[in-house]
Each structure stands twice: as structure tokens, then as C-alpha cells.
Amino acid sequence: MARKSKDPGFGYNSKKNAQSVINDDGSSNVNHINRKRNVNDLYTYFIDISWWQFFVFIILAYTLLNIIFGLLYVAIGIEEITKPQGTFLQDFLNGFFFSAQTLTTVGYGGITPKGITANFIAAFEAMIGLLSFSFITGMLYGRFSKPKANIRFSENLILRDFKDGQALMFRLINSRKTVMIEPEITVTLSVTEEQKNKEFKRNFYQLKLERSKIMYLPTIWTIVHQIDENSPLYKYSKNEIKNLEAHLYILINYHEESFSQKVYQINSYDFEDLITDVKYASASNFDVEGFTVLDHDKLSEVEKM
């Protein structure tokens, strides 16, 4: 008899065709409204955004600051830093490039502030430049030094014949060359079912796995849940399982050599991604010298049984 587990934090309430609370890549799929924000959120925001977003923000902020100070130099009189060129665009470009030299503390010397107002603005801008680049350096260090797992999960979830019954399977691999030490995995099944009052409710089950913990993982790990009489999926046929409004929520942790500490990663599967009557193709073999060769591109490759 399958035993229900306590709500892992997603809530029991649901509706038909409700979206998964966790995306396939492990990120949150919850839309927050009326959330209070403060300055302390900036650190986590800049640490968590993608690299391209991070550098786009830096380029935009750098350009905007130079535009603002370039306009300031034009407003106080471009003659405060250099000889007027006769047109607004040329004067603005001189102010913009002088701003860039001041902000980065390069100071080529071709343009220099002459009046007290220009010197005051340049001094203030130099201080902003020092603080800005200190902030960016700290963010870069934080992004590089943040302990993070780099596990790839198979794109598909398969249901196949296994031993005397059936089993639910997926695969994972470490994208780094380091060995995963003492990886441990927990898989929770969420099934949305209609109640007698016509409302929908999530039921949660912690799935029993063939292996939930191993000593170390140098290659690929196939996670197997055998559907026996103790499985919450035992009462369903193959087609019923495929059509279930269900999700798998996965939490894996292991000791990462690169950071010398334990790291975690979350992933999820929607049963819409379920493939039946196939098996995973072998992703490793041996070369002529006897070394194991692991093909990362074959992580999700399946073949007919």
C-alpha cells in the first residue's frame, strides 16, 4: 500500500492542468505579487541572473552613467573641460568620453577640468566609478565562488518493463569532470486528483528507489523506481500513468570537489514527457587503450526494447 508523504512545501490545493511549481531546470515557477523588495535583494539578484544578463546590465549602467555626466558637462559649459566644437553632438561626445576617462580613472590628459564646477563634478564621478567597479568586482567574485552543482538530467522520463513488472526511470550525469562523492537523491511524486466535491488536490508520495545513495559517481546514474504493490503508481495501467496529472520533484546532493563542500540541485519532470516501452541507450564504452569514454550527448538517447 502506497503511503502518502507530507506536503514538501508546494501546498495541497490544485486545479485541473495546474502548472508545475518547479520548472524542469529546477527554478521556481511561482509568480510573486505584492512582494516587498529592499536593497539587500540586489546581491542575490545579481548572483542568480544569467551571465549575459549580468554583463548587459553592466554595459547599460556604464553607458547611462557616461551619458548623464556627459550631459552635465555640456550643461555647465563644455569650455569647463575643453574647447567648444560648435555643435551640441560634438560637445556632448567630448563630455561623454571625458566622463568615461574619469569614471574608469584612466585620465589620458587630453581633456582636463578647468573650472571649480567641472572639478567638483569630476571628483564626484571618480568616487562613483571607484564604488561601482568595487561593486562589480565583488559580484564577479561572488558569481565565480558560489558553490553550485552542474548536473544534467535526461530530457525524458521513461516507463518500461523491468524485472517482473514495470519501472519509472530517468538518468543524470555530472557535467564536470570531477567525481560526485556520496550523491544522494530524493524523488517525490505529486499527483493531482479530483475529489468528491469536484475540487482538485495534490497528493504527495516519496518514491522508493532501487538506489537512493551511492559512494561516488564517475559516469551516468540511472534512477529507477520499481512499480510494485508498494508503489503509488501500482493501481494505474500504463496508459493511465502516461495521462496522469503528475510531476516528479527531484532533490540531489553530493560533495563537490571543486568547492570542497556539499551542493544541491533541484529538477522536475512532467508526466507529459513520459515515454513508454523504450530503454536508455548505452552512453559509455571503452577506447582502444581501455579507457572509459562517456558521451554526454547520449544522456537522453533511447532505443526500442
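This is a predicted model: local features need pLDDT of at least 70, side-chain atom pairs count only at pLDDT 80 or more; totals for chains, interfaces and linings use all residues.
User: How many helices and strands does the protein chain have?

Analyst: Helices (H or I, at least four residues) and strands (E, at least two) are DSSP runs, numbered from the N terminus. Here the protein chain has five helices and 15 strands.

User: What share of the residues is buried?

Analyst: Buried means under 20% relative accessible area, exposed means over 50%, and partly exposed is in between (1.4 Å probe, protein chains only). Of the 305 residues, 37% count as buried.

User: Which residues does L217 touch, and is L217 buried or exposed?

Analyst: Contact means heavy atoms within 4.5 Å. L217 sits in strand β7 (residues 216-217) and is buried, at 4% relative accessibility. Leaving aside neighbours within four places in sequence, L217 is in contact with L172, V179, M180 and P183. L217 and Y254 are 37 residues apart in sequence, and their C-alpha atoms are 9.7 Å apart in space. As for the chain in general, among contacts between residues at least 6 apart in sequence, 68% join residues at least 24 apart.

User: And what about F88, where is it found?

Analyst: F88 is in helix α3 (residues 88-103). With 54% relative accessibility, F88 counts as exposed. Not counting residues up to four places away in sequence, F88 touches L71 and V74. F88 and T102 are 14 residues apart in sequence and 21 Å apart in space, C-alpha to C-alpha.

User: How many salt bridges are there?

Analyst: A salt bridge is a side-chain nitrogen of Lys or Arg within 4 Å of a carboxyl oxygen of Asp or Glu. By this rule the count is five. One of them joins the side chains of R176 and E256 at 3.1 Å, N to O. R176 lies in the loop between β4 and β5 and E256 in strand β9, so this pair ties together parts that are 80 residues apart in sequence. R176 is partly exposed at 25% relative accessibility, whereas E256 is buried at 0%.

User: What is the N to O distance between K279 and E303?

Analyst: In that salt bridge, the closest N and O atoms of K279 and E303 are 3.9 Å apart. The pair links distant parts of the chain, with K279 in strand β12 (residues 278-280) and E303 in strand β15 (residues 302-304), 24 residues apart. K279 is partly exposed at 31%, and E303 is partly exposed at 36%.

User: Which side chain is in polar contact with that of H247?

Analyst: A polar contact is a pair of N or O atoms within 3.5 Å; within protein, one must be able to donate a hydrogen and the other to accept it, and residues adjacent in sequence count only if both atoms are side-chain atoms. The side chains of H247 and D270 are joined by such a contact, of 3.3 Å. H247 is in strand β9 (residues 246-256) and is buried, with a relative accessible area of 8%.

User: Which residues have a positive phi without being a glycine?

Analyst: K163 is one of them, with a phi of about 55°. K163 is in the loop between β3 (157-162) and β4 (165-174) and counts as exposed, at 62% relative accessibility. E182 is another case, with a phi of about 50°. E182 lies in strand β5 (residues 180-194) and is partly exposed at 47%.

Note on methods:
Residues are numbered from 1 along each chain as its sequence is written. Side-chain values use heavy atoms; hydrogens and water are left out.
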